[in-house]
Amino acid sequence: MGPFLDIRPAQGPLAPAPCRVKPGPRENFNAPSWIDEPLKHVVESQQFNKESLSEIFRVAREMEGVRPGTPESKCLEGAVMSTLFYEPSTRTRLSFEAAMGRLGGTVLSTESAGEFSSAAKGETLEDTIRTVEGYADCIVLRHFLAGSARKAARAASVPILNAGDGPGQHPTQALIDVYTIQREIGRLDDISIGLVGDLANGRTVRSLAYVLSMYKNVRMFFVSPDVVRMKDDIKEYLSGVGVCWEEVDDLKAVASEVDVLYQTRIQKERFQDRPEDYEAAKGKYIVDAALMQLLKKDSVVMHPLPRVDEIKPEVDSDPRAGYFRQAKNGLFVRMALLKLCLQDRLR
């Protein structure tokens, strides 16, 4: 099995005592046809293993040193990337576009693929992908429906990179998050992490949980309002692979226990038909100067951004505030993914 072929299925019962779970047996699982080696598509976090993550992170460190005019800055010269976004984005789209530009490639971009395009006329996602791949060497896709990236990858002959599929996954963000944890605290084994906020709708926390489950002695605290608890599929998966997790109501109670505090916003756009749930959830967990006093001195506060009011600006000057460094790391990780997906195919 190659470095990009570790697909692990969710399995095992939900543990009645999460911190006492034991690993269950792994089922045989055939990798889907869209998984390839070398790396082709980036669809979901489960497609990676520790070996492939180490390779991605090694290349990302190299990308930190890329400067205009160097050979690396021209390694994707002539390549075209399409950013096909059915939902709005700032950081993800711009960091992918900047990544492609820094490696010498060019970009075809749209941020209104759903509202003002052929999709509004009834075109299927598969037909759109088959059309766009005629213009581009890879497609970065953001879609409002979970599972869309998997569907696109099955239809595509060029690499598909999942930039978020509704409440499903955001695997490139998970890779950025894990890379950031490694850079900030120096390890990925033997860590405790508090995942805070909208855990039901947060595709970033779902993807991050999958990736961190690959490392040893990782403990997860799920801190969220009742209406946006982490969904059972993630909890069952973690229990099945022996990861210790716990649901907690009081953020202050776990602040001193965690090495990583991963805050997320309550996503108002996911509550359009349930405004009362949004009102019940918003503003419950806030990271401010008082909470920072409870954190370990060598911990890090992360956030996939954008933030609303869940991290106060007063925290920004604290050296443990890592969320803007995290955003910058997005450039290097996405440069690495584009290089790994495209370089051999352009020869």
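In the predicted model, lysine 296 is partly exposed, with a relative accessible area of 29%. Its salt-bridge partner is aspartate 259, and the closest N and O atoms of the two are 3.0 Å apart. Aspartate 259 lies in the loop between helix H8 (251–255) and strand E8 (260–263), whereas lysine 296 lies in the loop between helix H10 (289–292) and strand E9 (300–302), so the bridge ties together parts 37 residues apart in sequence. Aspartate 259 counts as buried, at 6% relative accessibility.

The structure holds 19 salt bridges. One of them joins the side chains of glutamate 64 and arginine 183, at 3.0 Å from N to O. This pair links distant parts of the chain, 119 residues apart: glutamate 64 is in the loop between helix H1 (50–63) and strand E1 (80–85), and arginine 183 is in helix H5 (residues 171–185). Arginine 183 is partly exposed, at 38% relative accessible area. Arginine 203 and glutamate 87 form a further salt bridge, with 3.3 Å between the closest N and O atoms. Because arginine 203 lies in helix H6 (residues 203–212) and glutamate 87 in the loop between E1 and helix H2 (91–102), the pair ties together parts 116 residues apart in sequence. Arginine 203 is buried, at 10%, and glutamate 87 is buried as well, at 14%. Salt bridges also link Glu55, Arg58 and Glu62 in a network.

The largest nonpolar core comprises 67 residues, of which Leu195 and Met220 touch the most other members. Helix H11 (residues 323–342) gives the most to this core, with 10 residues. Contacts of methionine 220 include Ile193, Leu195, Leu238 and Trp245. A second, separate core of 19 residues includes Val248, Val254, Tyr285 and Val301.

Definitions and conventions. Residues numbered from 1 in each chain as written. Predicted model: local features only at pLDDT ≥ 70, side-chain atom pairs only at ≥ 80, totals over all residues. Heavy atoms only, no water. Core = buried A, V, L, I, M, F, W, Y, C linked by side-chain atoms within 4.5 Å. Buried < 20%, exposed > 50% of the residue type's maximum accessible area, 1.4 Å probe, protein only. Helix = DSSP H or I, 4+ residues; strand = E, 2+ residues; numbered from the N terminus. Contact = heavy atoms within 4.5 Å. Salt bridge = Lys/Arg side-chain N within 4 Å of Asp/Glu carboxyl O. Lists of a residue's contacts leave out its neighbours within four places in sequence.
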